[in-house]
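Here are a few "how do you know" questions, each worked through with its cut-off. Let's take a look together.

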Amino acid sequence: MSVRIGIDVGGTNTDAVVLQGDAVVAAVKRPTTADVTSGILAALQAVLSAAPQVDAADVRAVMIGTTHFTNAVIQRQGLARTAVLRLCLPAGQMIPPLYDWPADLREAAGAATYMLPGGYEYDGRPISALDNEALARAIDDIAARGIESVAVVGIFSPVSADQEREVATIVGTRLPGVAVSTSYEIGRIGLLQRENATALNACLAGLAQRTLAAFRAALRQSGLSAQLYLSQNDGTLMTADYVERYPVLTFASGPTNSMRGAAFLSGASDAIVLDVGGTSTDAGALVHGFPREASFEVEVGGVRTNFRMPDVVSIGIGGGSLVAADGSSVGPRSVGYRLPQEALIFGGDTLTLTDVAVHLGRAEIGEPGRVERLDRALAEQAMAYATARLEELVDALKTSPEPVPVIMVGGGALLFENQLAGASQVIRPEHAGVANALGAAISQVSGELDRVFPMDARTRLDVLDEAKAEASRLATAAGADPATIEIVEIDEIPLAYLPSSALRLRVKAVGDLRKS
Amino acid sequence: MSWLLDPDALESIAIGAGILGTGGGGNPYNGKLHVRRLLEEGQRVEIVAPEEVPDDALVTSVGSIGAPIVSVERLARGDEIVVALRALEAHVRRTITHLIPGEIGGSNALRPMAGAALTGLPVIDGDGMGRAFPELQMDTFSINGLAIAPAAIVDIHHNTAIWTRVRDAKTLEDQARAVTIRMGGSAGFAFPLLSGAETKQAAIPMTITLARRIGDAVRSARREHRSPIDAIFAETAGQVLFTGKVVDIERRMAAGFARGVLTLDGLGEDRGERLVIDIQNEYLIARTQERVVAVVPDLICIVDQQTAEPVSTEVLRYGLRVVVLGMPAPDPLKTPEGLAIVGPSAFGYADVPFVPMPGVYGAPPG
């Protein structure tokens with residue numbers, strides 16, 4: 001039976017799970033280490049020894065989810081000296097590249113930017129031809145500045161990528177050893193956001209090589225010869241080689257993996273996930289096993305991008321939430337990580353939601369005797385208030401009026417009962433503590449495109465077919481088994497003020513990981 | 001009273017303009033970055049109240065025409081609007097003295113400020129719509145019967161088209177749009193050309209200040225963790241029409257416009273209710289099962305429940321949780337002449353009467 005290992009490399013812990021078929025056979029938590037490798041190695045060794053029935057040779061794939069690259073951007077650490085070549089002139093001059101970046105990030109990336117003739121119109125006509133002399137001058141300047149990584153970004157490259165490819169080839173030839181990122185492979189339509197994502201990717205080039213080398217070393221040292229994959233933000237997988245070139249696509253894979261892991265553990269593919277923590281409850285909706293995406297643009301480290309991020313809503317209700325003296329409200333203020341010192345049950349003098357739940361007999365934590373004489377009516381009122389807030393959250397996230405399964409995970413989940421208005425059932429899965437690692441292990445492979453299609457003489461259906469075929473091709477190229485590929489998303493966006501001879505389509509295809 | 005635009009005021013105006021965009025008008029974000037960059041380079045943008053504009057001033061409106069999707073991908077060169085206004089000057093052999101936004105809702109609220117930074121001309125505090133509308137003749141200049149020609153549009157290569165005369169504003173709308181498509185789907189414009197006296201008679205006054213007030217209110221409420229929606233209505237007339245989530249969005253293209261129907265299911269106090277909103281680039285008509293709640297030209301704005309971030313028709317999607325706001329339209333849009341151009345019948349709703357929302361546009365309540 002095929003064996004997969006899922007690993008979540010977080011800021012604090014490195015979690016690992018062994019999955020045999022669809023069964024979790026072992027799960028462990030180890031501290032994350034500064035060199036990353038030894039933490040993964042420790043987790044791998046621990047999880048393999050916890051699953052003695054599994055032979056290392058049976059492990060077919062190792063899937064890693066990591067916040068390593070997001071953290072590097074947020075902390076402005078380990079970033080490569082980066083240049084942006086924008087192919088746009090004479091358009092695009094109103095806002096130069098990276099203008100909306102925080103100054104400290106621009107500095108950490110030693111960023112240099114260039115605007116050059118090039119780019120395309122929405123229908124694929126070139127705005128200008130490439131200017132080889134201007135490009136050569138920019139390359140000379142890039143070399144003189146000791147730039148390590150270059151982002152190539154052309155207007156409407158999602159419609160036609162020829163110029164970006166040509167420039168990438170020229171830069172690669174003239175500057176061997178310099179990494180090149182092209183925007184058409186990274187982002188959606190929306191020049192600044194795609195440019196930002198591509199430049200962030202370029203900043204991470206060196207770190208990606210070092211990190212992937214560390215991941216591979218950990219696998220080798222554990223005696224595994226399995227394929228290595230990393231999770232991306234939409235909950236699907238990329239090969240390690242691909243991540244080395246496109247590390248930015250790992251952004252925000254954490255919440256996605258956690259939700260998908262919870263879904264897998266519960267067996268529900270359409271559900272609301274409530275992650276009840278100490279200070280807040282994060283909630284998201286799963287649709288066909290994937291988190292629903294946020295509509296608004298997402299900032300990473302102060303930079304606007306158009307990444308696909310899960311739509312996560314938070315409210316200030318958690319185990320450490322402060323309860324009003326009369327029990328009429330709970331939160332949003334919380335004692336947070338100081339719960340073990342400040343809650344009544346731990347000898348503190350702050351009334352928290354955990355104290356109330358212990359009084360009501362929902363949970364046995366700390367010293368229940370310390371809350372025995374709490375006013376019963378007050379406790380019930382506070383609990384009812386907190387429950388009502390969770391119910392509102394479920395209702396807000398639901399996409400149909402019918403009750404839906406609610407999956408409850410997180411340290412505070414035990415404070416709440418299984419009765420929740422709007423929930424068809426409340427599921428509390430086992431192993432919820434390693435949901436992230438599990439989410440990585442169960443991931444599929446996707447291909448996505450976002451493009452404006454000129455209709456020419458074709459019908460809408462012809463264009464849709466072309467787009468679906470292209471998304472499937474991208475999924476296959478990413479490692480999906482063609483026989484299992486499904487189109488999971490079609491967004492058809494009419495183009496206001498353009499002739500109806502153009503159609504913008506966003507199509508996503510997803511398939512199971514190819515076996516070989 | 002005149003004042004100088006600074007980055008803080010610009011930030012607020014961009015938020016206010018987004019909300020007044022009533023779902024259309026384009027996202028002001030890129031325009032804001034453009035103006036901010038020009039301010040940082042030391043350019044000045046002076047905003048003047050309409051009453052300070054001399055009667056013999058020569059005023060034009062500048063902005064972008066075309067597809068929002070093109071303007072976020074093929075960013076403008078930036079000086080197309082300046083080339084357009086110079087083309088008008090060359091045609092009439094007079095010098096333009098003031099700029100004014102044609103449309104305070106959405107991205108075109110900020111273009112004249114970029115034009116001002118590039119030319120040194122002052123911007124008049126007012127506009128021709130008080131909100132956003134899908135067609136360029138849907139403004140108080142047309143309602144007042146002012147000539148729309150001469151009109152110029154300019155592309156990223158500075159190719160310039162100028163209409164020295166047109167039959168009517170709708171003809172310009174049709175022809176300018178056709179040319180814009182050949183210009184890559186987006187272009188800079190300058191029109192109409194007005195005297196100071198005509199501008200004062202026709203423009204909706206003090207709408208830049210209104211956008212700024214709305215933006216200031218939203219920003220301080222966010223900082224202080226108060227409801228930004230309450231803050232908006234402490235500042236200007238209007239009301240919450242509905243709180244709900246998107247359960248359906250049906251879109252289609254008709255005659256170059258993004259038409260659609262949005263369905264929201266109620267949350268909180270509106271639980272059990274359903275609101276349906278007709279879209280034609282902007283939000284036009286809001287109805288519950290029983291009654292019409294709001295009708296164009298009154299403003300229907302949709303914002304994020306928590307942040308009051310405006311939700312444009314393009315980002316609408318299933319499951320989004322929003323609040324629908326209503327604001328009374330500016331008075332000039334509610335006259336018989338105004339309603340003929342921007343009332344429900346102008347959008348093909350001959351059977352829907354215009355029932356005005358209470359309150360005075362832009363006036364603080366009470």
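Q: What makes A:Y242 count as buried, partly exposed or exposed?
A: This is a predicted model, and in it A:Y242 has 28% relative accessibility. Buried would need under 20% and exposed over 50%, so A:Y242 counts as partly exposed.

Q: Which class does A:Y246 fall in, buried or exposed?
A: Its relative accessible area is 1%. That is under 20%, so A:Y246 is buried.

Q: Why is the pair of A:Y242 and A:Y246 called tilted?
A: Over all chains there are 3 aromatic pairs. For A:Y242 and A:Y246, the ring centres are 5.0 Å apart, within the 6.5 Å limit.

Q: What makes the charged end of A:R304 sit over a ring, and which ring is it?
A: The ring is that of B:Y29, with the charged end of A:R304 3.6 Å from its centre. The cut-off for that distance is 6 Å.

Q: Why do the buried residues of helix 14 of chain A line one face?
A: Buried residues here include A:V463, A:L464 and A:A467. Seen down the axis, the buried residues of helix 14 fall within an arc of 140°, so they line one face of the helix. The face turned away from the buried side carries the exposed residues A:L461 and A:A477.

Notes
Residues numbered from 1 in each chain as written. Chains lettered and ligands numbered in written order. Predicted model: local features only at pLDDT ≥ 70, side-chain atom pairs only at ≥ 80, totals over all residues. Heavy atoms only, no water. Buried < 20%, exposed > 50% of the residue type's maximum accessible area, 1.4 Å probe, protein only. Helix = DSSP H or I, 4+ residues; strand = E, 2+ residues; numbered from the N terminus. Arc of directions from axis to C-beta. Phe/Tyr/Trp six-rings, centres within 6.5 Å; stacked < 30°, edge-to-face > 60°. Lys NZ or Arg CZ within 6 Å of the ring centre and 35° of its normal.
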